[in-house]
Amino acid sequence: MKAILFDFSGTLARLEEHDGWFTGMDLDAAQRAQVMDRMTHPTASVTHHAWAHRDLDAAMHREAYLHVISASGLPAAHAESLYRRCIDPAEWTLYPDTVAVLKDLRDKGIHTAVVSNIAWDIRAVLDAAGAQTDAVVLSFEAGVAKPDRRIFQIALDLLGVDAADAVMVGDSAENDGAARELGCGFVLVDPLPTNERPTGLLDGLRGL
């Protein structure tokens, strides 16, 4: 094993609600949960012209997610406020074992990379926590998104590693698991709240 590729959202970090997010929005607990689900797990069945390109272009990302959030019945101003939370590095929380896993792999001489479908720069999230990787491949910069296997190949080329010597870790069997088409191994993790998944990465990688 020479390299491990990691998804970002739901794998290394998670967007989690904090006090004050819904102040003045008059939503009950069930409605708040629905909005958070739409923000973190929007479904592929969304019908909107920007949806297919949301992870390749920042403007399309904003337009698509505002549509998804507004579908919960929120007015435009509130939808805009919540969208800004989505792309604010300070609102993201790393899983408890993220930094330790990345450090341990680095100490063992195993290369690491983040491969993420996203339309904003997540490096600030990683840097703030001291989570170091050898490469970061973001769909909006690479011009290609998972499950297209080209995005995995970009990461492998940056690391100088063959697919057979690499493993992809992610929370989506469809998107992240597509790395198997190149010959990579695959480890599936559960995108639980961070306080409910203290050792998810460690547990998933232990078998390797």
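Predicted model: local features only at pLDDT ≥ 70, side-chain atom pairs only at ≥ 80, totals over all residues.
**Entry 1: a starting question**

**Entry 2: the whole chain**

I stepped back to see the overall build. The protein has 8 helices and 7 strands. Its radius of gyration is 17 Å, close to the 17 Å that the globule rule gives for 208 residues, so the protein is as compact as a globular protein of that length. I also took the extent of the C-alpha trace, which spans about 50 × 35 × 25 Å along the principal axes.

Of the 208 residues, 46% count as buried. Among contacts with a separation of 6 or more, 61% are between residues 24 or more positions apart.

**Entry 3: strand E1**

Back to E1, residue by residue. Ala3 and Leu5 point one way from this strand, Ile4 and Phe6 point the other way, and all are buried.

I then followed E1 to its partners. Alanine 3 stands opposite alanine 166 in E6, and isoleucine 4 stands opposite valine 167 in E6. E1 is also joined to E4 by 4 bridges, and these strands run parallel. There I found valine 114 of E4 as the bridge partner of phenylalanine 6.

**Entry 4: on to E4 and E5**

Where does valine 114 have its bridge partner in E5? I found that partner at valine 136. Strand E4 (residues 111-116) and E5 are joined by 4 bridges and run parallel.

I checked which way the E5 side chains face. In strand E5 (residues 135-138), Ala135 and Val137 point one way, Val136 and Leu138 point the other, and all are buried.

**Entry 5**

Is strand E6 (residues 166-170) mostly covered or mostly open? I see it mostly covered, with 5 of its 5 residues buried. Ala166, Met168 and Gly170 point one way from E6, while Val167 and Val169 point the other way.

E6 also has strand E7 (residues 185-188) as a partner, through 4 bridges, and the two run parallel. Here I noted methionine 168 opposite phenylalanine 186 of E7.

**Entry 5: a cis peptide bond**

I looked for the peptide bond from lysine 146 to proline 147 and found it cis, with omega near 15 degrees. This one is worth a look on screen, because most peptide bonds are trans. I placed proline 147 in the loop between helix H6 (139-142) and helix H7 (150-159).

**Entry 6: aspartate 97**

I went to the loop between strand E3 (92-94) and helix H4 (98-107), where aspartate 97 sits. Is aspartate 97 buried or exposed? It counts as buried because its relative accessibility is 3%, and the cut-off for buried is under 20%.

Which residues does aspartate 97 touch, leaving out those up to four places away in sequence? My list reads Pro198, Thr199, Gly200, Leu201 and Leu202. I also took a distance to valine 187, which is 90 residues from aspartate 97 in sequence: C-alpha to C-alpha, the two are 16 Å apart.

Glycine 24 lies in the loop between strand E2 (13-15) and helix H1 (29-40). Glycine 24 is exposed, at a relative accessible area of 65%, where exposed means over 50%. From glycine 24 to glutamate 141, 117 residues apart along the chain, I noted a C-alpha separation of 36 Å.

Arginine 84 belongs to helix H3 (residues 76-86). With 49% relative accessibility, arginine 84 counts as partly exposed. I also checked arginine 62, 22 residues from arginine 84 along the chain, and the C-alpha atoms of the two are separated by 9.1 Å.

Technical notes
Residues numbered from 1 in each chain as written. Heavy atoms only, no water. Rg over C-alpha atoms; globule rule 2.2 N^0.38 Å. Buried < 20%, exposed > 50% of the residue type's maximum accessible area, 1.4 Å probe, protein only. Contact = heavy atoms within 4.5 Å. Pairing = 2+ DSSP bridges.
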